[in-house]
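Student: Please take one part of this model and go through it closely. I would like the helix packing, step by step, with the residues named.

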Number of protein chains: 2
Amino acid sequence: MQFLNAISSSVPLLASATETVDSSMVMAAVLLSLVVIYFASKVGGELSNRVGLPPVLGELVGGVVVGISVLHLLVFPEGGTDSSSSLIIAFLQSTAGLTPQAADGVFAAHSEVISVLAELGVIVLLFEIGLESNLKDLMAVGIQATIVAVVGVVAPFAAGTVGLMTLFGIDAVPAIFAGAALTATSIGITSKVLSEIGRLNSKEGQIILGAAVIDDVLGIIVLAVVASLAKDGEVDVTKVIFLIISATAFLLGAILLGNFFNSSFVRIVNRLKTRGELVIPAFIFAFVMAYLAAVIQLEAILGAFAAGLVLEETDKRKELQKQVIPIADMLVPIFFVTVGAKTDLGVLNPAIPTNREGLIMASFLIIVAIIGKVITGLTVFGQPEINRLAIGVGMIPRGEVGLVFAGVGAASGALSKPLGAAIIMMVILTTFLAPPLLRFVFPDPASKTTDTEKLVLDGAGATSLTIEQPQLITAQSPDVANLESAPDSSES
Amino acid sequence: MQFLNAISSSVPLLASATETVDSSMVMAAVLLSLVVIYFASKVGGELSNRVGLPPVLGELVGGVVVGISVLHLLVFPEGGTDSSSSLIIAFLQSTAGLTPQAADGVFAAHSEVISVLAELGVIVLLFEIGLESNLKDLMAVGIQATIVAVVGVVAPFAAGTVGLMTLFGIDAVPAIFAGAALTATSIGITSKVLSEIGRLNSKEGQIILGAAVIDDVLGIIVLAVVASLAKDGEVDVTKVIFLIISATAFLLGAILLGNFFNSSFVRIVNRLKTRGELVIPAFIFAFVMAYLAAVIQLEAILGAFAAGLVLEETDKRKELQKQVIPIADMLVPIFFVTVGAKTDLGVLNPAIPTNREGLIMASFLIIVAIIGKVITGLTVFGQPEINRLAIGVGMIPRGEVGLVFAGVGAASGALSKPLGAAIIMMVILTTFLAPPLLRFVFPDPASKTTDTEKLVLDGAGATSLTIEQPQLITAQSPDVANLESAPDSSES
């Protein structure tokens, strides 16, 4: 059978190869993988939430547990593993009558499908983040937040990239990727902790949130540029400049054209009378933008983010946000669990001597990640009373944006296994450390009720929705819950 | 390159083959395909709705237009077509720098992904239908509706299968498949027309709706049995009996066990505090049930339907229905457009002499489809005043359930191209014909306002939702809008 395939493959190899795969087995493998993914994401997310950490961290750790590092339920061919090491394939062989000959084909096809679903997940995630980011608020956060954000991007990026190249002899492209992963700031985690200690409306809280929002946008531009470099495998300064310009131009152009497109979008949607009359046109727009961004050598997620920013300006925003929530709930966990599952933490096992360099790299990244953000507090001027350390510490957690970097980096093949695992460790540790550190440097809990909940209830507008399903808005979703409150706090 | 692949493929052929496919190109192809699918579904669905036909029919025709029959934007390798006939692949070659060598691999991989997404779509559709079907109402519709339903399943099935085998010499398995496709009744279309002519609460209306609901359940059992036969390619009477028993037992067992599982499900969901706290556990349950149904040789959609029926009994029903709507809006059109795209209507072109047999088969199926349902009105007893013809005509439209048969049949490979196209033509024509016929035999329009809208507004419970997004509930979604109203009408 395989011998015949090998001969016939001299014509159109892949088409004939994939055609022979039993598609009902692929479907069964996809269903099982989704069950494993959802189970891991819910158990991890809930446990994480119980101990006061962001659910996304639990989803990632859940992915690590079911993935290549521990249980081998969810493994992917990229890591060099084949079907025999996948427990899902083994389970299909024992329960569904999958034959060993067909196992490789089913394994490859279902991995491809799960990877595409994960990518759709991160596209929907960025679309949702865009849909929650208000441009006018972004522009209003002021010069101090902008400086904090820019320093918080440039300092860790430069220190991380140069350090990896000079101290560890890493090539330019992977070093730049790792440096870029250091730039992110998770607005969700920080704003949740700030709200818990009643500091969301403090001067420091406003600067942190404003900077974190700008950071998101800068981070996505950096990611688009870096991922494009990774495709070539080398760094060409002209190209870097060109990419920075094109990424910025794409985002600005989308926003400017979006102002004209907005009203047509609303007009079209208002004329539609069948189901999906809002979600489907929105996704057509988001996917077209994602495709355009991908075609001009940037990242698909930049296009989805731009589409979200544009549609945020329409009257349909609230309704669209509400409808995107269940879709994101369904697709986004696939991304985070997959990132965790693909990460082989075994390469950081300290018992094995050859792993030491990876461990030292991870420690180096963590130190740069912390110092590079803490110094941003020093850039605040003209405010002698302000708690500079609190601002710096508030910028530390990387959260989901850092994971997007790690996921895109791993998919591009630019990162070595130890470097990829070191980045994941950096994201996990900065996110774990930030909440207790922030509580420590901000020692005065002003109130017991959380600001976030109050703000959401006050500012949501659609009160009926808030009352019916409070957990949907106030729970997890760093981005949804907290970007909602961020604008309010900057106005007060 | 291909030569090297052919050599290396003597080890794990498919894994290595798929690995070499550029995953960012696959993603780009998937994004473009989704844009085409959504565009076709929205344009088709809206136009269909404007002329008073169900949107799902427009989505199907939209799929035919973008598919193998006309535009060649969305083609699949199953039909024997290769990457060179896919306009999306050609577009990627000209815009995204896809190389001709890589085209076959990208074509195969993206077709696989779209097919899996379509299957997820039909799984979510059946889950949603289950979630809208109330078991107690099903049992309350009475003996007359049950007889109408059973006759409406048995008569067209027997006549269709026997006719195809004896008159056309078709093999048993494809003949049974086509016969099974004749059994469906689209509750959505009929109830919409009945509500438009103000007859939803008439005796006839109640019997038709009750029978159509029972028909849905019988149809899904028939499909599970038939699809299982198609896997073997031959008919074994022992196996048929075994399958009918196992399908019925699966459904009844799920419902009985569901009564115990229900309260645990609600308890678990109430304890979850992070996003997706309802949708994710529900999908874990639905996908596990789908997997189980697939493993015991039935169809995945039977499991999803059973999961929906079980969860309909919980307090979380309303909230879950609301959250599943956007997910279904996103995934279900992929299924219907794909069914249309895979249908080669060229095989029914009357200008080509060899197509004549297919055309005659299509005509035969359409006649059986109409007569087989019209006679069901004759079975109503003890009601001398009743409009028997109206009951029979009300059962004619096949709608989305008929398309599910055609889609599953095509995917199983059991149907020849002409027979598959003939089934699609039968579904389209019965669905087109039913609304005018029903208006003709039910000549007395009682009121101008539509019953459906009134019933939904009265009975929905979550009034705030209804007011905020009336189009979501009253528009398309035959199942969602009208099953909602069906129970109310049978109570009055």
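Tutor: Start with helix 12 of chain B, residues 237-271, and helix 13 of chain B, residues 279-295. In this predicted model, the two pack at an angle of about 155 degrees, and their axes are 12 Å apart. Angles over 145 degrees count as roughly antiparallel, so helix 12 of chain B is roughly antiparallel to helix 13 of chain B. The crossing of helix 12 of chain B with helix 13 of chain B is right-handed.

Now the side that helix 12 of chain B brings to this contact. Phe250(B), Ala254(B), Phe261(B), Phe265(B) and Val269(B) come from helix 12 of chain B. Helix 13 of chain B answers with Pro281(B), Ala282(B), Phe285(B), Met289(B), Leu292(B) and Ala293(B). By class, the contact of helix 12 of chain B with helix 13 of chain B holds 11 nonpolar residues, no polar ones and no charged ones.

Helix 13 of chain B also packs with helix 15 of chain B, residues 317-342. Here the axes come within 11 Å and cross at roughly 75 degrees. The range for roughly perpendicular is 65 to 115 degrees, and helix 13 of chain B and helix 15 of chain B are therefore roughly perpendicular to each other. Val279(B), Ala282(B) and Phe283(B) of helix 13 of chain B make this contact with Leu320(B), Gln323(B) and Ile327(B) of helix 15 of chain B. The residues divide into 5 nonpolar, 1 polar and no charged. Note Ala282(B): it is listed in the contact with helix 12 of chain B, and Ala282(B) is listed again in the contact with helix 15 of chain B.

Turn to chain A for another helix pair. Helix 9 of chain A, residues 172-181, packs with helix 18 of chain A, residues 399-412, at about 160 degrees, with the axes 9 Å apart. That makes helix 9 of chain A roughly antiparallel to helix 18 of chain A. Their crossing is right-handed. Phe177(A), Ala180(A) and Ala181(A) in helix 9 of chain A meet Gly402(A), Phe405(A), Val408(A), Gly409(A) and Ser412(A) in helix 18 of chain A. This contact has 5 nonpolar, 3 polar and no charged residues.

Last, the domains of chain A. Domain 1 covers 2-116, and domain 2 covers 133-447. Their centres, taken over C-alpha atoms, are separated by 28 Å. In the contact, 25 residues of domain 1 of chain A touch 24 residues of domain 2 of chain A. About 2,000 Å² is buried between the two domains, and carbon and sulfur atoms give 75% of that area.

Conventions:
Residues are numbered from 1 along each chain as its sequence is written. Chains are lettered from A and ligands numbered from 1 in the order in which they are written. This is a predicted model: local features need pLDDT of at least 70, side-chain atom pairs count only at pLDDT 80 or more; totals for chains, interfaces and linings use all residues. Side-chain values use heavy atoms; hydrogens and water are left out. Axes are lines fitted to C-alpha atoms, for helices over the stretch in contact, and angles run from 0 to 180 degrees between N-to-C directions. Helices (H or I, at least four residues) and strands (E, at least two) are DSSP runs, numbered from the N terminus. Angles under 35 degrees count as roughly parallel, over 145 as roughly antiparallel, 65 to 115 as roughly perpendicular and the rest as oblique. A crossing is left-handed if the near helix is turned anticlockwise from the far one by less than a right angle, and right-handed if clockwise. Contact means heavy atoms within 4.5 Å. Ala, Val, Leu, Ile, Met, Phe, Trp, Tyr, Cys and Pro count as nonpolar, Asp, Glu, Lys and Arg as charged, and the others, Gly among them, as polar. Domain bounds come from an automatic or database domain assignment. Buried area is the accessible area (1.4 Å probe) that two parts lose on being put together, summed over both.
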